[in-house]
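I opened my notebook to look up a few things in this structure.

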Amino acid sequence: MSRYIVNRIDETSMKSILDRCGHGAAGVILRLAWQAGLTREEISGLNWSGVDFLNRRLELPDRMVPMTEELSDWLRQLQDLRGLQWERVLLSDRDHRPPALPSISRLAREALDAGGQTQVRLIDLRHDFILRQLAEHDWQYVSRISGDKASALAQHYGPLVEKKVSTRARQEKKEDRVDEFRLWKLLQTERLTPGGTALWLTWQAGVQLGELVELRWEQVDWENACLRLPERNVNLTGGVVQMLRDLRERAGDCPDIIVSPRAGKPYDASRLSRLCRSLLIRGGLDDLTLRDLRLDYELRSGGEMKILSYLRAHHSITRKETMELLGVPRTTAYHRLKQMAQRGKLTQVGARYYLRDEVVPPEQQPLLIVEYLRKEGFAYRQDIARLLHIDPRQCGTILRRMVAEGSIVQDRQRYVLKEA
């Protein structure tokens with residue numbers, strides 16, 4: 001396989017060329033290619049309705065591309081100069097009509113040649129954009145904003161970047177909460193596709209990958225709104241039932257629920273998993289997997305309620321106690337507690353978790369302690385524990401940190417404000 005050749009352009013030369021082009025057609029072409037990584041076809045088809053100035057992004061048919069402040073301001077100026085009578089962003093300087101694709105390449109070529117960059121092509125500007133993004137972000141993020149698969153990016157650009165980042169979901173971010181708005185938007189778009197169906201059933205019903213690939217219509221109990229799986233029954237929400245009804249109308253005589261559109265046959269587990277990952281990346285959910293969606297379902301359907309009930313009875317909970325309560329591994333217990341904290345259900349203080357409204361948040365603790373000492377003169381550790389509504393053993397860490405910072409002083413077992 002031949003090496004992927006990218007003729008890169010230095011920033012100083014490119015900015016000089018852009019300044020020379022001003023707000024003309026060549027300037028539009030070069031900026032959208034170099035600063036947003038758009039292809040020639042995407043530049044040609046971009047309408048002002050696809051330029052979201054509020055969220056500073058370009059909305060393309062298959063992806064969202066974030067805009068830098070510079071590009072956003074420049075496009076706003078261009079729109080102000082043009083007025084609102086034209087829909088397309090790129091118009092010919094002569095007749096104010098969308099130029100043909102060969103003309104776009106010619107305009108870019110002439111502008112680059114005039115700037116002394118005779119070796120740089122229009123496609124090189126997109127490649128340079130991707131390489132700059134890879135220098136700052138992971139493969140999944142760049143895949144999402146460029147529209148290229150992460151595996152293809154790694155193959156073509158891997159030899160050109162210093163870092164080697166896995167194309168799999170990053171494990172260190174698995175505690176992040178599910179972006180429900182973005183996921184819901186993706187599910188509406190992919191509602192009746194094989195991947196969309198798999199994501200629906202995983203997130204809303206907790207169906208596992210091995211169960212998904214073997215799922216058949218005969219297992220759907222329409223009357224009781226549930227799935228009859230070999231080892232368990234799964235209740236279905238009204239939204240999932242309606243999705244399955246709509247899908248059933250299109251299924252014909254096929255007995256399987258999730259099948260390939262072309263072959264009409266069920267997916268194997270590996271292929272369905274890759275399909276779902278591609279959809280999640282395309283939808284901007286780079287670090288999510290089917291397992292994360294199932295975990296989120298379990299949190300919402302059962303595990304979360306057990307944790308909340310435990311907290312009402314015991315006031316606080318640790319990771320070890322969560323493991324024993326739910327019968328899950330240490331890592332899973334950690335993720336569940338973290339997700340609940342990020343959902344606003346819990347507050348973390350050190351290694352313990354509390355119901356949100358029953359404990360003073362960590363960021364407010366020092367100020368509250370100082371105010372208490374200013375009013376009372378001194379306090380013991382038990383006093384601080386009652387003040388913050390936390391375990392007395394946790395106060396030691398908080399008080400030692402404040403002593404080290406110099407805001408309070410320890411006098412044997414008592415704590416007082418540092419004298420001014």
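**Strands.** I started with β4 and β5 (residues 226–228), which run antiparallel and are joined by 2 bridges. I looked for the partner of Asp 221 and found Cys 226 in β5. The model is a predicted one, and I kept that in mind.

Then I noted the whole sheet. It is open, has 3 strands in the order β4-β5-β6, and pairs them antiparallel. Which strands stand at the edges? They are β4 (220–221) and β6 (233–235). Each has a single partner strand, so one side of each lacks a neighbour in the sheet.

**Helix α7.** Next I checked how covered α7 (residues 139–146) is. I counted 8 of its 8 residues as buried. Among them are Trp 139, Tyr 141 and Arg 144. What do the buried residues of α7 pack against? I listed β3 (64–66), α6 (122–134), α8 (150–157), α9 (180–189) and α13 (269–282). After α7 comes Gly 147, and its phi is positive, near 85°.

**Cores.** I turned to the largest nonpolar core, which has 38 residues. Leu 30, Val 51, Leu 58, Leu 75 and Leu 125 have the most contacts inside it. The elements giving two or more residues to this core are α1 (11–21), α2 (25–36), α4 (69–82), α5 (101–114) and α6. Of these, α2 gives the most, with 9 residues.

Leaving out residues up to four places away in sequence, Leu 30 touches Met 14, Ile 17, Ala 108 and Leu 125, among others.

Last, I found a second, separate core of 36 residues, including Leu 212, Val 241, Ile 257 and Ile 258.

How values were computed. Residues are numbered from 1 along each chain as its sequence is written. This is a predicted model: local features need pLDDT of at least 70, side-chain atom pairs count only at pLDDT 80 or more; totals for chains, interfaces and linings use all residues. Side-chain values use heavy atoms; hydrogens and water are left out. Two strands pair if DSSP finds at least two bridges between them. Helices (H or I, at least four residues) and strands (E, at least two) are DSSP runs, numbered from the N terminus. Buried means under 20% relative accessible area, exposed over 50%, partly exposed in between (1.4 Å probe, protein chains only). Contact means heavy atoms within 4.5 Å. A nonpolar core is a set of buried Ala, Val, Leu, Ile, Met, Phe, Trp, Tyr and Cys residues joined through side-chain atoms within 4.5 Å.
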